[in-house]
Amino acid sequence: MVVKLSQEIALWHIAKNGRSIPGLDRFADLNFIPDHPIQAAAVACQDLDPVNGVYHADTGVTTYTLWGEIAYQIGGVAGYSLLKGSDEQRVSPGTVVLERIIHGQPTVIILDEIARYLRAAKATVVGNSDLAQQVVAFLFSLMDLAAACNNLVFVYTLASCSDSFGEETTEIREAISATARQERILKPSTDLEIYNIVKQRVFSSIQADAATNAAKEYLQSYKASRINLPDGCKDARYAESIEQSYPFHPELFTLLTKKIASIPNFQRTRGALRLFARVIRYLWEDTSVWIPLIHPHHIPLGIEEEITSDLTARLERPLLRITLQADIYNPTGREAHAQLQDGEWKAAGKPPFSTWVARTIFLHSINQGTAAGIRRAELNLSLLTPGLEIGFVDTALERLSEVAWYLENDPMTTLARFKEEPSINKIIAEEKAQIGITEAKDDLRNRRDTIFADKFFKLVSAPESPADVDDVSDSIALCLIDFNKATISATTEGPPSIVEKIFNETGESGKFRTFRNRLLFLVANKQELERAIDNAREFRAIQNILNSPNRLQDLSESQLKQLKDKKGSLDLGVRVSLTNAYRHLFYPANDPVKAAKGLMHHPLSAQDASDVKGKNNQQDVILKALKDCQKIRADEAPPYAPAYILQKVWLAGLTYWTTKALKEAFAKDLSLNILLEGEISKLRDTIRLGLQTGSWDMKVGEKVYVKTDDGKISLPDSIEFDHRMVLYRRGILELPKPREIELNAQVMSSTDRLKPVRVRWRALGALTIKLYQDGNEVGGEFRPSDEYEIAIAKTVTFKIIADYGNGEVEERETQAKVLVYGTGNQPTPGSHEATSGSWGNYSLFKAKPEEFDLEGTPNSVFAQLSDRILDNQAQGIQSLELSVAEVMDYRKLMTAFPLLMKFPMQIDQVATISLGEQFTRLEYQGPYKGFQSFQAAINTLLSSPEVKADVSLKLIFQFASPVEPNGTEISNIKSTLNRNPVDRLNLTAKVTY
């Protein structure tokens with residue numbers, strides 16, 4: 001009788017126990033079962049050893065052959081002694097000896113794995129034959145005896161002709177067929193029978209309605225799913241399979257009883273029973289997970305050692321354990337790739353999808369060879385579970401394929417399988433282990449400085465101290481803090497200490513930073529940095545492999561293509577991970593609650609490949625974030641309103657400030673916006689608008705821009721941010737008064753035909769003076785207050801043009817009139833006199849001098865002045881000029897300055913000094929206050945013993961209204977000069993009548 005192992009086991013138990021087996025009536029009709037134990041011998045032929053024998057410790061007997069072991073199991077020591085010689089000499093006994101051993105009692109002889117034993121027996125020589133031939137002869141004898149009597153049943157198992165011992169199986173079958181032996185063949189269990197066997201052996205009872213409900217629910221899920229599934233799974237027949245196999249998934253039965261069962265060392269029913277029992281025990285102990293059906297992915301590979309050994313070492317697949325520990329589950333040491341990815345799934349509230357996918361593919365890869373692996377449709381069917389979105393399969397498989405060392409996933413055939421030899425990922429991982437963290441960080445630094453290069457902001461890469469960041473206002477600094485200096489672990493953290501130090505200090509001892517509102521800081525995230533470092537190491541590993549000709553020779557064409565593709569995708573991956581690492585932005589803010597230290601923490605949004613690809617500079621991302629936070633205004637924002645500047649920017653109590661100070665205020669005040677380059681032009685527009693609306697006034701040099709009451713104002717040609725342009729609050733500046741230019745041409749008394757003329761002028765504030773005589777320019781250089789002498793014979797018109805800069809020009813003109821006496825006739829008028837109508841109004845007695853020019857000691861010139869005033873009956877003195885031309889007088893006159901300051905005094909001086917190799921020339925016209933800075937230096941030079949000098953010093957007193965000739969003003973000036981009197985003094989007085 002030919003049966004399978006599970007049936008042999010059942011026969012042996014029945015023979016040994018009869019009807020006393022509990023629950024036997026569930027499987028067989030008890031009328032066919034003996035009511036008492038009978039003789040039985042069950043031999044697993046693979047355990048026999050023809051050389052060393054099988055030692056029985058209880059009796060000390062050693063059996064060497066199949067017939068020796070049968071005799072010992074049936075008759076014990078006495079039975080074995082009947083054919084001990086045949087056993088020791090490995091020669092088949094005859095039927096007579098076998099009859100004596102059976103002794104007429106009901107007997108069952110069960111043999112398993114005969115073909116395997118037959119192959120081993122071929123190696124043992126017995127006379128002119130071998131043990132294999134003796135085994136065949138013994139089988140013939142045993143079959144003859146079984147056919148001749150009614151008390152002996154011989155049961156054996158044979159493998160298929162296609163398995164590892166197919167040749168020996170064929171020999172036995174042919175021998176049995178040739179001798180026409182009587183046998184009955186029992187076919188292996190059908191799928192339905194296997195279902196029932198397993199369920200009855202493992203479970204005490206199964207609810208029928210639970211199986212029915214599960215079948216309906218799974219069938220509905222299959223029909224509703226749009227993913228690729230095998231044909232037939234959506235039919236009612238497959239639902240019946242689910243109901244029959246419940247609580248096991250039909251694909252699990254198919255996997256174990258057909259695919260894995262094709263491996264010679266795996267027993268289709270017994271192996272499945274043992275595996276199912278262990279899986280049920282594992283799942284039964286874990287009550288935290290609800291399972292509608294037991295799928296292939298529920299087999300705890302790697303977790304349960306017995307199950308793992310059954311599916312690797314016992315199936316002669318020891319190398320698959322390495323695959324398992326690398327890619328699916330590793331109980332000790334480094335976590336497997338699926339374990340690592342499961343952490344992310346679980347963090348998202350999902351089951352361990354990566355492990356589910358990996359387990360299923362692994363189980364379908366155990367048989368190896370061309371039949372190994374599972375296609376996507378079958379994979380989807382094995383994993384699809386009601387209530388779960390099956391789309392996770394593609395995602396989990398794709399992610400696992402990127403890192404797994406032994407997984408092969410063919411996108412063309414959709415076949416996925418685990419292999420014993422490493423994939424390209426393993427090759428990369430081995431090279432990656434040689435790449436140090438320091439090397440990876442250096443690569444990241446090079447990329448970082450390129451990714452965040454200057455664009456909107458000035459990059460300051462890895463500042464070590466505050467001194468590395470300039471304290472200026474003309475740029476926005478983006479400080480990239482090196483990851484060795486500081487990192488951030490949570491979005492709630494404040495700025496690191498290095499950031500605070502740079503933000504508040506300049507690096508100079510005791511000096512705090514002024515321009516803080518132009519500093520931005522980027523700090524790396526600690527966790528994302530580790531990912532970036534890992535990607536950088538892997539990318540460098542791929543580069544090393546591709547740059548090594550020897551390594552490339554060991555790669556297949558397919559692996560080389562994978563390597564190049566992986567380099568391209570990982571190049572972008574390193575960039576993505578680096579940008580996601582540098583995502584903690586700190587920017588200046590005036591918020592005591594959220595930014596207590598003056599810096600607001602704003603985590604940038606995480607980016608993926610689509611965000612980063614095609615963008616060469618990540619400063620765009622920072623700019624967008626600052627605009628979203630309203631720290632930088634939108635491009636389309638209008639210019640600031642003047643009212644905003646007055647209320648928010650212009651410091652209270654400050655009456656004026658420069659345009660440069662206005663711009664710098666934005667770099668100082670943390671509550672203000674950060675100004676980009678485009679905002680600077682808008683700030684210029686704001687300044688113009690403020691002038692036009694009368695919000696403020698401006699002064700540029702001496703030119704004033706003030707909106708008048710009639711709404712008129714002239715604007716400067718351009719607005720620059722410097723110290724020259726000053727803004728004033730309204731009401732402080734006044735429009736400049738018209739320029740006052742004094743011009744006088746005095747004809748001196750003379751009996752000559754040519755009369756001397758002294759032309760004098762005063763144009764305070766002028767830069768250059770041009771003098772014209774009857775329209776012709778007079779050559780020479782003239783000062784704002786100066787004089788010019790010439791002789792004339794007729795009336796002449798003199799004109800000066802004073803240039804004040806900035807296009808401001810004023811001109812004045814006067815006449816020097818010549819009167820002719822003694823002819824009895826009136827002189828012929830010139831063109832000017834004729835047209836002016838003043839001709840004929842001259843009278844000798846009416847002409848009185850307007851100026852008196854006197855020279856001498858101080859006492860003498862003031863005495864002469866008093867006499868002239870009395871002679872001409874002058875009523876007042878309008879101005880007074882005192883001048884000296886000698887060095888000693890120059891120095892003496894300067895000593896009188898402190899007492900003369902109370903009068904409206906102007907200074908007009910020229911000093912040319914030569915001292916050795918030094919030559920100094922100083923010209924000054926203006927108030928005494930401005931001259932004070934030069935006075936000490938000139939005195940020092942003039943006091944040197946070897947000095948040579950040519951000096952001229954004139955003091956001009958211009959009284960607001962004429963003073964009395966004998967008044968206190970003239971008296972005080974005279975007494976002051978007499979304190980340290982000069983030797984020679986020139987005095988010019990302009991008088992009024």
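The structure holds 29 aromatic pairs, where rings of Phe, Tyr and Trp (its six-membered ring) pair if their centres lie within 6.5 Å, and where planes under 30 degrees apart count as stacked, over 60 as edge-to-face and the rest as tilted. This is a predicted model, in which local features need pLDDT of at least 70 and side-chain atom pairs count only at pLDDT 80 or more, while totals for chains, interfaces and linings use all residues. Residues are numbered from 1 along each chain as its sequence is written, and side-chain values use heavy atoms, with hydrogens and water left out.

**Aromatic rings**

- The rings of Phe248 and Phe276 have their centres 4.3 Å apart and their planes at 45 degrees, so this pair is tilted.
- The pair links distant parts of the chain, 28 residues apart, with Phe248 in the loop between α10 (236-245) and α11 (250-259) and Phe276 in helix α12 (residues 270-285); helices (H or I, at least four residues) and strands (E, at least two) are DSSP runs, numbered from the N terminus.
- Phe248 counts as buried at 0% relative accessibility, and Phe276 counts as buried at 1%, where buried means under 20% relative accessible area, exposed over 50% and partly exposed in between (1.4 Å probe, protein chains only).
- The rings of Phe897 and Phe931 have their centres 6.1 Å apart and their planes at 75 degrees, so this pair is edge-to-face.
- Phe897 lies in helix α33 (residues 897-900) and Phe931 in helix α34 (residues 928-942), so the pair ties together parts that are 34 residues apart in sequence.
- Phe897, Tyr924, Tyr928, Phe931 and Phe934 form one aromatic cluster.

**Charges over rings**

- Arg334 lies over the face of Trp405, at 4.9 Å from the ring centre, given that a charge sits over a ring if NZ of Lys or CZ of Arg is within 6 Å of the ring centre and within 35 degrees of the ring normal.
- Arg739 is placed over the face of Tyr804, at 4.0 Å from the ring centre.

**Nonpolar cores**

- In the largest nonpolar core, which has 70 residues, Phe248, Ile260, Ile299, Leu311, Ile361 and Ile366 touch the most other members; such a core is a set of buried Ala, Val, Leu, Ile, Met, Phe, Trp, Tyr and Cys residues joined through side-chain atoms within 4.5 Å.
- Leaving aside neighbours within four places in sequence, Ile260 is in contact (heavy atoms within 4.5 Å) with Leu255, Phe266, Leu311, Leu315, Leu363 and Ile366.
- Apart from this core lies another one, of 45 residues, among them Ile476, Ile545, Ala595 and Leu676.

**Helix α27**

- The buried residues of helix α27 (residues 642-649) are Pro642, Ile645 and Val649.
- These residues cover an arc of only 80 degrees around the axis, which puts them on the same side of α27, the arc being that of the directions from the helix axis to the C-beta atoms.
- The face turned away from the buried side of α27 carries the exposed residues Gln647 and Lys648.
- The buried residues of α27 pack against β17 (656-658), α28 (659-668), α29 (677-692) and β18 (696-700).

**A three-stranded sheet**

- An open sheet of three strands has the order β8-β10-β9, with antiparallel pairing, where two strands pair if DSSP finds at least two bridges between them.
- β8 (374-375) and β9 (407-409) are the edge strands, each of which pairs on one side only.
- β9 pairs with strand β10 (residues 415-418) in the antiparallel sense over three bridges, and Glu408 stands opposite Arg417 in β10.
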